[in-house]
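Colleague: Could you walk me through this structure? I am new to it and would like to begin with its pockets.

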Amino acid sequence: MKKYFSQNKEVLNLISNKASQGNKDAVDFIEILTQSYDQAIAKHTKNNIDLLIFAYYGSKKTLDKFKELEQAFDAEIDSLEMHKAYYDKETQKEIDEYKIKIDSLKKE
């Protein structure tokens with residue numbers, strides 16, 4: 001969890017900004033990230049730290065599932081675009097054939 005937040009500068013900046021505005025939860029969270037697990041549970045209780053870790057991994061699991069679904073959705077969109085191009089081409093062929101038939105009927 002610490003690794004994620006230390007590597008994700010945008011999230012860390014957001015939390016830091018909240019902390020600088022006096023948000024106690026953000027201050028506590030930054031403090032927890034700077035401490036070892038044992039130090040954090042000494043101040044914030046084991047239950048609270050474990051809940052925080054559980055919430056993080058639950059959110060991470062949800063995010064991973066969302067990314068997986070997003071990839072599947074993107075693949076489906078690509079497939080539909082390919083099908084659309086094919087049907088547009090086929091439709092244009094049929095239109096052209098009907099135009100030829102209409103022109104031939106007009107000549108008669």
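**The largest pocket**

Modeller: Met1, Tyr4, Phe5, Phe29, Leu52, Ala55, Tyr56, Ser59, Lys60, Leu63, Asp64 and Lys67 line the largest pocket. A pocket here is an open set of points on a 1 Å grid over the protein atoms alone, where a 1.4 Å probe fits, with protein on both sides within 12 Å along at least five of seven lines, and lining residues have an atom within 4 Å of a point. This is a predicted model, in which local features need pLDDT of at least 70 and side-chain atom pairs count only at pLDDT 80 or more, while totals for chains, interfaces and linings use all residues. Residues are numbered from 1 along each chain as its sequence is written, and side-chain values use heavy atoms, with hydrogens and water left out.

Colleague: How much space lies in the largest pocket?

Modeller: The largest pocket holds about 210 Å³ of space, where the volume is the space filled by probe spheres set on the points.

Colleague: And which element gives the largest share of the lining?

Modeller: That is α5, with eight residues; α1 (2-7) and α5 (46-107) each supply at least two residues of the lining. Helices are DSSP runs (H or I, at least four residues), numbered from the N terminus.

Colleague: Changing topic, which residues make up the largest nonpolar core?

Modeller: The seven residues of the largest nonpolar core are Phe5, Ile15, Ala19, Ala26, Phe29, Leu33 and Tyr56. Two or more of its residues come from each of α2 (9-20) and α3 (24-34), and α3 gives the largest share, three residues. Such a core is a set of buried Ala, Val, Leu, Ile, Met, Phe, Trp, Tyr and Cys residues joined through side-chain atoms within 4.5 Å.

Colleague: At what angle do the axes of α3 and α4 cross?

Modeller: The axes of α3 and helix α4 (residues 37-44) cross at roughly 145 degrees and come within 8 Å; axes are lines fitted to C-alpha atoms over the stretch in contact, and angles run from 0 to 180 degrees between N-to-C directions. Asp28, Glu31 and Ile32 of α3 make the contact with Ala40, Lys43 and His44 of α4, contact meaning heavy atoms within 4.5 Å.

Colleague: What about Gln35, is it buried or exposed?

Modeller: Gln35 counts as buried because its relative accessibility is 14%, and buried means under 20% relative accessible area, exposed over 50%, partly exposed in between (1.4 Å probe, protein chains only). Gln35 sits in the loop between α3 and α4 and touches Lys2, Ala40 and His44, not counting residues up to four places away in sequence.
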